[in-house]
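Work through the exercises below with the sequence and the model side by side. Try each task before reading its solution.

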Amino acid sequence: MGNMGSGLSREHSVKSAVKSSPRQRQQRPKGSLHSLIETDEEEADGAEGCDCDCCREECDCVSEDGHTNTLQSTRQERKLRCMAAEAESKEALAPSVLAFDEIVAGPFAAYLKCSKVIGGDVAQHADMAQQGFKDQRHFLIVASRSKAPVEADLVKLLAPTSQAIQGIQSFREKNRTSPLFNHLSAISESIPALGWVTVAPAPGPYIKEMNDAGQFYTNRVLKDWKDKDKNHVDWVRAWVQVLTDLQAFVKQHHTTGLVWNAKGGDAVQNAGKTAPTSKAGGPPPPPGPPPPPMPAGDLFAEESGAGSGGDEQSRAQLFAALNQGEDVTKGLKKVTADMQTHKNPSLRSGPAPFTKPSVAPKPIGSVAASSPAMQKAVERPPRKELEGKKWMIEYQKNQTGLIITDTEMHQVVYIFKCEGSTIQVKGKVNSIVLDSCKKTSIVLDSVVSSVEFVNCQSVQMQVLTKVPTISIDKTDGCQIYLNQASLDVSIVSAKSSEMNVLVPKADGDYVEYPIPEQFKTTYNGKGLTTIISEIA
């Protein structure tokens with residue numbers, strides 16, 4: 001025991017002497033075994049005593065003094081992570097950032113969970129929203145530690161959040177045929193709420209407006225899935241709660257606008273030092289398993305337990321039967337006289353024709369109920385009223401003087417089953433939807449998001465101020481009159497026909513351009529190429 005103790009003490013003293021005399025280490029010849037070992041010990045020196053999670057999660061073992069040995073990352077990378085984690089722990093997060101983390105860990109986590117359960121486009125969309133909240137958290141950390149930057153630097157700092165918002169909205173436009181399109185639209189219409197950091201002096205009401213902008217689509221989700229799948233209802237409630245809590249967070253910590261640290265440092269430098277520490281992101285999922293290998297052998301072989309021997313036996317039996325000559329027909333049954341149709345006319349007659357079963361006469365009450373006069377009596381009355389943030393215009397027939405006034409930017413106009421009518425919307429609203437309308441015209445001043453035509457026939461639209469997007473879905477006959485301010489409009493059409501866009505000229509007249517309905521698709525060796533058909 002005494003010798004073992006002296007050996008350990010001697011070894012410890014040698015290591016201490018090596019670590020405490022850098023001049024002697026430099027005198028070692030480079031490339032020697034001793035220099036490689038000592039360089040390894042120098043790199044490990046920076047991580048000695050480290051016991052943080054970022055080291056442990058990739059380590060194979062942790063010694064008693066806290067030193068970590070890793071096989072998946074170099075010691076230099078581990079050292080940099082440890083230094084970043086140490087700097088993060090020394091500089092505590094601001095109360096506003098901690099409050100934002102409560103939103104991420106609370107309703108936003110519930111929204112992510114419901115999105116994963118629903119799956120498909122909703123789950124992928126949720127991952128993009130998750131990245132947006134991660135970028136905003138990083139920006140809030142920088143703001144809590146920095147002075148207000150100049151405009152150019154502020155644009156650079158907000159670029160990740162802006163790109164996340166644009167990516168979410170582009171995903172929705174690329175997946176308009178998705179069966180979960182209402183889910184995608186609800187997020188796309190309200191995700192600009194993350195832009196509250198640029199709004200002053202009232203960022204809280206701005207978030208409320210964005211929440212109301214997505215309410216039209218969340219109501220659709222509730223209507224479609226309320227009695228089918230509770231996960232979709234929970235999904236709506238979680239997302240609405242996220243924006244509600246975000247508004248309360250801004251009202252408490254950033255009442256009149258984003259608060260910067262007047263005694264902080266440079267924002268751009270702090271952004272480079274402060275890495276996004278939120279676990280909102282993550283590596284992409286691993287690729288799926290490869291397809292199963294093709295089965296070996298004859299795909300059309302008989303599935304008998306004899307294997308190849310049974311296959312050869314079947315062929316031998318076939319050739320033996322063919323070699324019988326005229327005897328091969330001995331096993332066939334003969335047709336007797338009673339089976340011959342030319343001797344039995346009764347066999348040539350087909351089945352008896354279908355006869356309509358007799359039905360008892362209807363009572364007088366039911367006849368009256370099925371009459372056209374009775375059907376007209378049960379038609380729903382016309383409706384024009386404001387429900388919360390939504391204008392409801394329904395069942396209007398041959399009304400050419402309908403005018404909606406006293407509108408607000410967060411309101412939505414929903415026009416349903418109107419015929420032969422003209423509706424004028426004054427002021428600026430969030431969006432306008434025409435659903436199942438016939439021979440109906442809409443005249444509008446301005447919209448924030450879009451004008452949509454769904455299941456309509458022979459409809460017209462004229463914009464007086466501004467419209468950014470027009471959507472035409474399952475509609476036959478749509479005339480769109482633009483103005484000079486709306487020439488940059490985006491028009492998305494699907495399963496529709498007879499669509500025309502009229503562009504104003506300098507003399508006040510219009511030039512008509514048809515929207516293509518027919519396309520030509522070819523295979524180019526790598527994929528499909530689609531162009532507008534020449535006869536479209």
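Two strands pair if DSSP finds at least two bridges between them. Helices (H or I, at least four residues) and strands (E, at least two) are DSSP runs, numbered from the N terminus. This is a predicted model, where local features need pLDDT of at least 70, side-chain atom pairs count only at pLDDT 80 or more, and totals for chains, interfaces and linings use all residues. Residues are numbered from 1 along each chain as its sequence is written, and side-chain values use heavy atoms, with hydrogens and water left out.

**Exercise 1. The hairpin**

Task: find the bridge partner of F519 in β16.

Solution. Start with strand β15, residues 519–523. Strand β16 covers residues 528–532. The two run antiparallel and are joined by 5 bridges. F519 has I532 as its bridge partner. Now look at the turn. β15 and β16 form a hairpin with 4 residues between them. In that turn, G525 has a positive phi of about 100 degrees.

**Exercise 2. The chain as a whole**

Task: state how many helices and strands the protein chain has, and what share of its residues is buried.

Solution. Count the elements: the protein chain has 16 helices and 16 strands. Next, apply the burial cut-offs. Buried means under 20% relative accessible area, exposed over 50%, and partly exposed in between (1.4 Å probe, protein chains only). Of the 536 residues, 35% count as buried. Then take the surface, using the Shrake-Rupley method with a 1.4 Å probe, where for residues only the protein chains shown count as cover. The protein chain exposes about 33500 Å². Carbon and sulfur atoms supply 55% of that area.

**Exercise 3. A covered strand**

Task: which residues of β6 lie on each of its two faces?

Solution. Recall the rule: in a regular strand the side chains alternate between the two faces of the sheet. Strand β6 spans residues 412–416. V412, Y414 and F416 are on one side. V413 and I415 are on the other. Both faces are covered, and 5 of the 5 residues are buried. Strand β4 (residues 390–394) pairs with β6 in the parallel sense over 5 bridges. There, E394 stands opposite F416. Strand β7 (residues 422–435) is also parallel to β6, over 5 bridges. In β7, D435 stands opposite F416.

**Exercise 4. An enclosed strand**

Task: explain why β10 is described as largely enclosed.

Solution. Locate strand β10 at residues 469–473. Of its 5 residues, 4 are buried, so the rest of the structure largely encloses the strand. Check its partners. Strand β8 (residues 441–454) pairs with β10 in the parallel sense over 5 bridges. F453 stands opposite I472. Strand β12 (residues 490–494) runs parallel to β10, again with 5 bridges. Here D473 stands opposite A494.

**Exercise 5. A histidine in α9**

Task: is H183 buried or exposed?

Solution. H183 sits in helix α9, residues 181–190. Its relative accessibility is 2%, so H183 counts as buried. Now list contacts (heavy atoms within 4.5 Å). Not counting residues up to four places away in sequence, H183 touches I118, V122, V221, W225, H232 and W235. Finally, H183 and Y217 are 34 residues apart along the chain, yet their C-alpha atoms are separated by 7.0 Å.
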